Amino acid sequence: MKGFVDEMRAVAMKLHTKDQAREGEKESVDPPIAAWNPSVDGYLKFLVDSKVVFDTLESIVTTALHPSYGEFQNTGLERSEQLSKDLEWFKEEGYSIPEPSKPGIVYSSYLQQLAENDPPAFICHFYNIYFAHSAGGRIIGRKVAEKILNKKQLEFYKWEGSLSQLLQSVRIKLNHVSSGWSREEKNHCLEETEKSFVYSEDVIRLILT
C-alpha cells in the first residue's frame, strides 16, 4: 500500500531540475554542480547556516511542541552534532568560522513559526530537508570535497548504520503521523514543498558566494 510519503516524494521530484534528478521537471537557473567553483569561505557559510537549520529542526523535535514531533526523535538522520565536528575541524585547520547569515537565520525563524502553528507544513520541511540532504546533498558534498577539500569526507555526510534503513524507518513514521490528517491537511503539506525548496536553495547558494 502506498503511503503519503509517496505523494510528498512525487511533488518534490517535480521541483527538481533534470540535473538534480531523473524525474526532475524544473528549469535550472543555476549552473550544474559539476560546473561550480566553490570556495572554502562560501562552503563554511553554507555549513554554518545548515547548522542553524538543523539545530532548529532538532530542538523542535526534542521539545515536541506538538505530540507528533516526538515520533521523529533519535531517527539517526540528525546532523547538528556532525556539523559541530566539521566546523571544529575547519577551525583546527586555521579557518575562521563565520557568523550565521540571513538564509539560515530566516529559514530557522520560519521553521519555528510553522512548528508552533502548522504541523503539516512543518513536517513537509522536516521531510524535504533530511531526505534532500541524504540524496542531492551528498552529491554536492562529494563534488565540493573533490574541488576544495582534497576529497575529505565531512561528518555531515556520514551516518551510523545503513542510511537506507534509517530513511525507511522515517518514511514509516511520516506515513503513520500523516494518516491522522484530513485530505485538506495533506494537500496543505504538499503545497508547502515549493517553499521548502526555496529556503533550502538559498542556503545551498552560499557555497558559491
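**Close-up views of helices and salt bridges**

View 1. Lys85 and Glu81 form a salt bridge, with their closest N and O atoms 3.9 Å apart. A salt bridge here is a side-chain nitrogen of Lys or Arg within 4 Å of a carboxyl oxygen of Asp or Glu. The model is predicted: local features need pLDDT of at least 70, side-chain atom pairs count only at pLDDT 80 or more, and totals for chains, interfaces and linings use all residues. Residues are numbered from 1 along each chain as its sequence is written, and side-chain values use heavy atoms, with hydrogens and water left out. Both partners belong to helix 3 (residues 80-92) and sit four residues apart, about one turn of the helix. Helices (H or I, at least four residues) and strands (E, at least two) are DSSP runs, numbered from the N terminus. Glu81 counts as exposed because its relative accessibility is 55%, while Lys85, at 46%, is partly exposed. The classes are buried (under 20% relative accessible area), exposed (over 50%) and partly exposed (in between), with a 1.4 Å probe and protein chains only.

**View 2. Salt bridge between Lys91 and Glu88 in helix 3.** The side chains of Lys91 and Glu88 meet at 3.9 Å, N to O. Three residues, about one turn of the helix, separate the two within helix 3. With a relative accessible area of 37%, Glu88 is partly exposed.

**View 3. Salt bridge between Arg183 and Glu7.** The structure holds six salt bridges. In the one formed by Arg183 and Glu7, the closest N and O atoms are 2.7 Å apart. This pair links distant parts of the chain, with Arg183 in helix 7 and Glu7 in helix 1, 176 residues apart. Arg183 is partly exposed at 41% relative accessibility, and Glu7 is partly exposed at 30%.

View 4. Helix 6 (residues 163-178) has 16 residues and should span 22 Å at 1.5 Å a residue, which agrees with the 22 Å between its end C-alpha atoms. The expected span is 1.5 Å times one less than the number of residues. Leu163, Leu166, Leu167, Val170, Leu174, Val177 and Ser178 are buried in helix 6. These residues lie on the same side of helix 6 because they cover an arc of only 100° around the axis; the arc is that of the directions from the helix axis to the C-beta atoms. Exposed residues Ser164, Gln165 and Ile172 are on the face turned away from the buried side.

**View 5. Cover over the buried residues of helix 6.** The elements covering these residues include helix 1 (4-14), helix 5 (119-148) and helix 7 (183-191). Contact means heavy atoms within 4.5 Å.
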